[in-house]
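Please look through the structure below with its aromatic rings in mind, and then turn to the backbone. The paragraphs that follow take these topics in that order.

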Amino acid sequence: MGTNVQPLHAGDPAPDFELPAVNREGRVSLADYRGKPVLVALFRGLHCPFCRRHLALLSATQEKLAKEGVETVAIVNTQPERARQYFQYRPTRVVLAADPDVQAHRAFGVPAFGIVPDETDPAQVQWPQNTTMQQLAQTSFTVDGESPKPMNCFEVRAAMDARDHFETTPADEESYARHAGQLCGQFLIDASGTIRWSFVEAPDGPNQMGVSPSADEILAAARRVMH
C-alpha cells in the first residue's frame, strides 16, 4: 500500500535527517547546514532512469545555486555501497547521501503510491496513495531524443536503461521492489531551517512521474525566497 502523508510546504520547519554520505566521508545531516540556505533534493534509487538524469543535471545547477549562497544536498534511495560504486564512475559535485529506507522522504512527507487490483472500486483508487497496474500501463511518456513514440512507464524505463547501458544489480532490484512507488521532492530551506519553496513530483497522476523542476525554475525560486 502507499503512504497517506502530506508533503511539507513553505512555512513548515524542515525535519532533520542524518544519513550515510556517498561521495565524502562520514554522514550528512541537515544540521551540517544550520545557518545556511540549502536545497534538499529527494530521489528514488538508481533503478530510476529519470532520477539518474536529474541527479546529473543537479550537479550543474548546484554551481549556480552556490553563487546565490544556497548549498545543495541530494538523497538517493539506494544502499550506500551501491551508490558509492555507481558514483565512483559517474561522479557528482552535489553532496550525496544514501537513504535505503526512505527516512528523509517520509520525514518531508513525500508520498509513495501502492498498486491495487485493476478491479478495485474507482472511488478507492486515489492518487498519490495508490493506482492500478492498468493505469500505469496506460501512462504515456516521450523522452526527447530517446523514445520514437510515447511509451508507458515500464517501457520507457527499459528504453532509458538500454540507452544508458545501465546494468541493474541485486541492490537496485531490492530498492525497486521495496520502493518503486516512491515519489521525489525538492525543498528549499532557509538559514533558520524553515522551508521556503517545495516541489513534489506527480501531484495529479502517474503521467507526471519523471518531471522535475528545471535549473531556471529552481534558481528563480532561490532568488525569490532567499533574498
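A residue is called buried here when its relative accessible area is under 20%, and exposed when that area is over 50%. The model is a predicted one, and by this cut-off both Y86 and F166 are buried.

A pair of aromatic rings is described by the distance of the centres and the angle of the planes. The structure holds 6 aromatic pairs. In one of them, the ring centres of F17 and F108 are 6.5 Å apart and the planes meet at 55°, so this pair is tilted. The two residues come from distant parts of the chain, 91 residues apart, with F17 in the segment before β1 (18–20) and F108 in the loop between α3 (103–107) and β6 (114–116). F17 and F108 are both buried, and together with F187 they make up one aromatic cluster.

Y86 and F166 form another aromatic pair, which is edge-to-face, with 6.2 Å from centre to centre and 70° between the planes. This pair, too, links distant parts of the chain, since Y86 belongs to helix α2 (residues 80–89) whereas F166 lies in the loop between α5 (153–164) and α6 (170–179), 80 residues apart.

In soluble globular proteins, nonpolar side chains tend to be buried together. The largest nonpolar core here has 64 residues, of which V40, I75, F108 and L188 touch the most other members. When residues up to four places away in sequence are not counted, V40 touches F17, L30, V73, I75, F108, G185, Q186, F187 and I189, a list that includes F17, F108 and F187 of the aromatic cluster.

Most residues other than glycine have a negative phi, and most peptide bonds are trans. Against that background, the bond joining W127 and P128 is a cis peptide bond, with omega about 10°, and P128 is placed in the loop between β6 and β7 (130–132). V102, in the loop between β5 (95–98) and α3, has a positive phi near 45°, and H165, in the loop between α5 and α6, has a positive phi near 55°. Is each of these two residues buried or exposed? V102 has 0% relative accessibility and therefore counts as buried, whereas H165, with a relative accessible area of 67%, is exposed.

Terms used. Residues are numbered from 1 along each chain as its sequence is written. Side-chain values use heavy atoms; hydrogens and water are left out. Rings of Phe, Tyr and Trp (its six-membered ring) pair if their centres lie within 6.5 Å; planes under 30 degrees apart count as stacked, over 60 as edge-to-face and the rest as tilted. Helices (H or I, at least four residues) and strands (E, at least two) are DSSP runs, numbered from the N terminus. Buried means under 20% relative accessible area, exposed over 50%, partly exposed in between (1.4 Å probe, protein chains only). A nonpolar core is a set of buried Ala, Val, Leu, Ile, Met, Phe, Trp, Tyr and Cys residues joined through side-chain atoms within 4.5 Å. Contact means heavy atoms within 4.5 Å.
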